[in-house]
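Student: Could we go through this structure together? I'd like to learn how the labels are decided.

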Amino acid sequence: MKYALVTGGSRGIGRAVSLRLAKAGYTVIINYQSNEQAAQETLQAIQSQGGQAELLRFDVGNPESAQSALDAWQSSHPEDYIDVLVNNAGIRRDNLLVFMEPDEFETVLRTNLFSFYHVTRPLLTPMIRHKHGRIINIASLSGITGLPGQCNYAAAKGGLIAATKSLAKEVAKKNVTVNAVAPGFIKTDMTDGLEEAELKKTVPMNRFGSAEEVAALVAFLASDDASYITGECISINGGLYT
């Protein structure tokens, strides 16, 4: 049985990725922190399409919470390992830096960047031992270009892209690939409140992307067809560049 862990897997891009990987034959471990209803709905959606999934609740920004949950999962699945990891969980706390409170900066880095370490490190050894693994990090256009009001978010996603490239070089010989996906404006609850009508004018394709389009790219990177791609940050943004 092949297992894929999707952090923040109950909503938005994470939900779409969970559904797509389940269709690809993975048993999806849906991580969530607090929204039990959304997690259950995603679980039921996967099961209704004939897939398999389970829930794993923990805070990706808390090292003790992540380690405890992952240890418990491994103990209950002694013959298995997580072959695909999608580091998707993320939050925004937008503000101009001159007004940004310390908690707004630190919380975003804990959830969006430190979580990469908290979740990835415990899962690396089994991937290396089995000589197969796929790590896909959900970055952002903001981590490439920077956006005003997002010094915290851009720093976290930019750091995630750099970490992706470094780790890819560390584990490539063990047949473990590490890539990042950098979405632009994607229609999810994280973009609720943005001026879509105005922002889409800045996108050459003149629209926001869908979570399902991002999920299709993630599924490709998780597949054997992408076995020679590593250390990449692939943009999916409708042509929106600097």
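Student: Which residue lies over the face of Tyr26?

Tutor: That's Lys2, at 4.4 Å from the ring centre. A charge counts as over a ring if NZ of Lys or CZ of Arg is within 6 Å of the ring centre and within 35 degrees of the ring normal. Keep in mind that this is a predicted model, where local features need pLDDT of at least 70, side-chain atom pairs count only at pLDDT 80 or more, and totals for chains, interfaces and linings use all residues. Residues are numbered from 1 along each chain as its sequence is written, and side-chain values use heavy atoms, with hydrogens and water left out.

Student: Why is the pair of Tyr3 and Trp73 called edge-to-face?

Tutor: Rings of Phe, Tyr and Trp (its six-membered ring) pair if their centres lie within 6.5 Å; planes under 30 degrees apart are stacked, over 60 edge-to-face, and the rest tilted. Here the centres are 5.0 Å apart and the planes sit at 80°, so edge-to-face it is.

Student: And what makes Phe185 and Phe208 stacked?

Tutor: Their planes are 15° apart, with 5.3 Å centre to centre. Both residues are buried, too (under 20% relative accessible area; exposed is over 50%, partly exposed in between, with a 1.4 Å probe and protein chains only).

Student: Why is helix H1 called roughly parallel to H2?

Tutor: Their axes come within 10 Å and cross at roughly 25°. Angles under 35 degrees count as roughly parallel, over 145 as roughly antiparallel, 65 to 115 as roughly perpendicular and the rest as oblique, so H1 is roughly parallel to H2.

Definitions and conventions: Axes fitted to C-alpha atoms, helices over the stretch in contact; angles between N-to-C directions. Helix = DSSP H or I, 4+ residues; strand = E, 2+ residues; numbered from the N terminus.
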